[in-house]
Amino acid sequence: MIRIVEVGPRDGLQNEKKYLDFSVRLELIQKLVDSGLKTIEIGAFVSSEKIPQMAQSLEITQKINDIYNIRKSKNQFPVLVPNERGMQDALKAHIKEVAIFTAASETFNQANINCSIEESFERFHPVLNLAKKNKIKVRGYLSTCFYCPYEGKIKPQKVVLLAKRLLQLGCYEVSIGDTIGAAAPTEVATVLKGLKTEIRGKKIAMHFHDTRGTALANVLESLKYGVKTFDSSIGGLGGCPYAPGAQGNVSTEDIVYMLHGMGLKTGINLQKLIETNQWLSEKMEKPLVSRVAKAGLPKLKK
Ligand code: MG
């Protein structure tokens, strides 16, 4: 079984120009649940001045809790929390999983969250303490693990060290991100070789962007190394802020299509995902980039 972490309603929408209102975002999450996705990132407790796309994330989370009873649900609905204040909001909303983020590039961290890698780890301490106290799972995102838009190539040893450090801090899983979508499979392999033990312990997820068309090849390479969790977004939502017009996260439809074709199970109904893509394209007022959604499923019998 391969676990897909749907990041469209957060990581995806956050990087789109078009803002979706509360009710559309809520409906999107419900459609994603209906398609069989078990883990859906539903929002970010960040300043809506900085990231207007994520406004009302608390209200969305509360509504999701009314509908699915987050604490008792088999589904996971993680939210992103940048700091202790975000974590306080998360507690109000009864969530059971949060995500924290840092980057493997010093310059990217400064540009993105205005602090050094070391300082970002200091910010994690109060968040992780609160999480532990309230039995909340914490997922760590590590961005720019292969290339940084400012620094270029990132040293694999650095990525391996930071991923291990996030796990030691108390994250149950670390998502290794190719934020600008530039990695080739051989580069992915180098990082994964350094994380063999952690992969065996099911503590590593991969987060690929399809900016340059290498995402599915990188998924395939990661599968060879035993990775069983992948992040993706419906319709490839997300774009790449450093490559105007580029594709975003690997699309959930495309990754699920490939996995099912390989005989791997995901528990996801691909036809429903394609329908959600069509519905969402109308709301986004643009075609979404999934190739599978565009082409449809092939006929299996004459
Ligand atoms: Mg992403």
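Let me start with one residue. Thr266 is buried, at a relative accessible area of 7%. Buried here means under 20% relative accessible area; exposed is over 50%, and partly exposed is in between, with a 1.4 Å probe and protein chains only.

Some ground rules. This is a predicted model, where local features need pLDDT of at least 70, side-chain atom pairs count only at pLDDT 80 or more, and totals for chains, interfaces and linings use all residues. Residues are numbered from 1 along each chain as its sequence is written, and side-chain values use heavy atoms, with hydrogens and water left out.

Back to Thr266. This residue sits in the loop between α11 and α12 (270-284). Helices (H or I, at least four residues) and strands (E, at least two) are DSSP runs, numbered from the N terminus. What does the side chain of Thr266 make a polar contact with? The side chain of His260, at 2.6 Å. A polar contact is a pair of N or O atoms within 3.5 Å; within protein, one must be able to donate a hydrogen and the other to accept it, and residues adjacent in sequence count only if both atoms are side-chain atoms. The Thr266 side chain also reaches the backbone nitrogen of Ile268, at 3.1 Å. Setting aside residues up to four places away in sequence, Thr266 touches Met1, Ile2, Ile4, Val256, Leu259 and His260. Contact means heavy atoms within 4.5 Å.

Now the strands. β1 (residues 3-6) and β11 pair in the parallel sense over four bridges. Pairing requires that DSSP finds at least two bridges between the two strands. Arg3 has Thr229 as its bridge partner in β11. β1 also pairs with β2 (residues 39-40), again parallel, over two bridges. There, Val5 stands opposite Thr39.

Next, the metal. Which residues coordinate the magnesium ion? Asp11 (OD), His207 (NE2), His209 (NE2) and Asn249 (OD1), at 1.9 to 2.3 Å. Donors are N, O and S atoms within 2.8 Å of the metal (3.2 Å for Na, K and Ca); water is not among the atoms, so sites may look incomplete. Along the chain, the donor spacing reads D-x195-H-x1-H-x39-N. His209 and Asn249 link distant parts of the chain, 40 residues apart. His209 is in the loop between β10 (204-208) and α10 (215-224), and Asn249 in the loop between β11 (229-232) and α11 (252-261). His209 is buried at 4%. Asn249 is buried at 2%.

On to the core. The largest nonpolar core has 96 residues, and Ile176, Met206 and Phe230 have the most contacts inside it. Helix α6 (residues 117-133) gives the largest share, seven residues. Such a core is a set of buried Ala, Val, Leu, Ile, Met, Phe, Trp, Tyr and Cys residues joined through side-chain atoms within 4.5 Å. Beyond four places in sequence, Met206 touches residues including Phe146, Ile176 and Phe230.

Last stop, Cys145. Is Cys145 buried or exposed? Buried, at 0% relative accessibility. Cys145 lies in the loop between β6 (137-143) and β7 (147-148).
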